[in-house]
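Please keep the structure in view while reading.

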Amino acid sequence: MKIAVMVSGGGTNLQAIIDGINSGLITNTEICLVYSNNPKAYALERARLAGIPYVAKSPKEFENRQDFNKALLQILKDADPDLIVLAGCLVVIPSDVVKEFEGRIINIHPSLIPSFCGTGYYGLKVHEKVLERGVRVSGATVHFVDEGTDTGPIILQKPVMIRQDDTPEVLQKRIMEQAEWKILPMAIDLIANGRVSVRDNKVFIEGYEEENIF
Ligand code: GRF
């Protein structure tokens, strides 16, 4: 399975995918492209070091958003991935891309959807709101991308307990380490091996209970 990974920042989730492929945790998968809207994203350096083709194309390079959206769609069509993985991608995915790759885009979100998600909930802001509300459990979610924001069918989730002395930064790091870097590679491997299907907007995973995946 060929995957294109879309990033905007440090790329630790991209690194978890690269390491997962190299260690054999993720099978039947190769990264055919890393795309970033941010030319300064360290994620691009991770791709370079791993010998993976990468491209940076920012909306700022275009007259208007429509032209950017068209260019982004073409970049992805040229790469011709079987699956697109949003790994900390902060650019709004154009609806033409969602349509072209319907059912073949997944996203990692740093909370237990449907809590603390949707417009305005990204990066550290998610964890700030979690701590502000005083919930006892947060975590991460991998879901399919549909036309909405963080609204597609949920594939995997992993809970992470909140500590009373947590800061947003400490919580973000623990959720990345204990949840994101585990469930995103797992989800990719499951999809790459044809074990994931969607019926009535619900995800079914072959062997989920037998292998007590989570
Ligand atoms: C991660 O917390 C991810 O859940 C969120 O953005 C962050 C990206 O981090 N979508 P990185 O670029 O993968 O390190």
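## Ser 138 in strand β6

Ser 138 has its place in strand β6. The model in which we find this residue is a predicted one, and every value given in this report should be read with that in mind. With a relative accessibility of 3%, Ser 138 counts as buried, because the cut-off for a buried residue is a relative accessible area under 20%.

Which residues is Ser 138 in contact with, leaving aside its neighbours within four places in sequence? They are Pro 110, Ser 111, Leu 112, Val 130, Lys 158, Pro 159, Val 160, Ile 162 and Ile 175. One of these, Val 130, belongs to the buried residues of helix α5, and that helix is the subject of the next section.

## Helix α5 and its buried face

Helix α5 covers residues 124-133, and its buried residues are Val 126, His 127 and Val 130. When one looks down the axis of α5, these buried residues fall within an arc of 90 degrees, so they line one face of the helix. The elements against which the buried residues of α5 pack are β5 (105-109), β6 (137-144) and α6 (168-192). After α5 comes Gly 134, a residue whose phi is positive, near 75 degrees.

## How α5 meets α6

Two packed helices are described by the angle between their axes and the distance between the axes. For α5 and α6, the packing angle is about 110 degrees, and the axes are 9 Å apart. The two helices, α5 and α6, are therefore roughly perpendicular to each other, since angles from 65 to 115 degrees are counted in that way.

The crossing in which α5 passes α6 is right-handed. On the side of α5, the contact is made by Leu 124, His 127, Glu 128, Val 130 and Leu 131, while α6 contributes Pro 168, Glu 169, Leu 171, Gln 172 and Ile 175.

Asp 166 lies in the loop between β7 and α6. Is this residue, Asp 166, buried or exposed? Its relative accessible area is 11%, and Asp 166 is therefore buried.

The side chain of Asp 166 has two polar partners to look for in the structure. A polar atom of this side chain lies 2.8 Å from the backbone nitrogen of Arg 163, and a polar contact of 2.5 Å joins the side chain of Asp 166 to that of Arg 174. If its neighbours within four places in sequence are left aside, Asp 166 is in contact with Leu 131, Met 161, Leu 171 and Arg 174; of these, Leu 131 of α5 and Leu 171 of α6 also take part in the contact between the two helices.

Gln 157 lies in strand β7, which is made up of residues 154-161. Because its relative accessibility is 28%, Gln 157 counts as partly exposed. The side chain of Gln 157 is joined to the side chain of Thr 141 by a polar contact of 2.8 Å, and the side chain of Gln 157 also reaches the backbone oxygen of Ile 113 at 3.0 Å.

Pro 114 itself is found in the loop between β5 and α5.

## Helix α2

In helix α2, which spans residues 42-49, the buried residues are Ala 43, Leu 44, Arg 46 and Ala 47. Around the axis they cover an arc of only 155 degrees, which puts them on the same side of α2. The buried residues of α2 pack against β1 (2-7), α1, β2 and β3 (54-56). Just after α2 comes Gly 51, with a positive phi of about 70 degrees.

Asn 28, although it is not a glycine, has a positive phi of about 50 degrees. Asn 28 is found in the loop between α1 (12-23) and β2 (30-36), and at 47% relative accessibility it counts as partly exposed.

Asp 200 is likewise a residue other than glycine with a positive phi, near 50 degrees. The place of Asp 200 is in the loop between β8 (196-199) and β9 (202-205), and at 72% relative accessibility Asp 200 counts as exposed.

Note on methods
Residues are numbered from 1 along each chain as its sequence is written. This is a predicted model: local features need pLDDT of at least 70, side-chain atom pairs count only at pLDDT 80 or more; totals for chains, interfaces and linings use all residues. Side-chain values use heavy atoms; hydrogens and water are left out. Helices (H or I, at least four residues) and strands (E, at least two) are DSSP runs, numbered from the N terminus. Buried means under 20% relative accessible area, exposed over 50%, partly exposed in between (1.4 Å probe, protein chains only). A polar contact is a pair of N or O atoms within 3.5 Å; within protein, one must be able to donate a hydrogen and the other to accept it, and residues adjacent in sequence count only if both atoms are side-chain atoms. The arc is that of the directions from the helix axis to the C-beta atoms. Contact means heavy atoms within 4.5 Å. Axes are lines fitted to C-alpha atoms, for helices over the stretch in contact, and angles run from 0 to 180 degrees between N-to-C directions. Angles under 35 degrees count as roughly parallel, over 145 as roughly antiparallel, 65 to 115 as roughly perpendicular and the rest as oblique. A crossing is left-handed if the near helix is turned anticlockwise from the far one by less than a right angle, and right-handed if clockwise.
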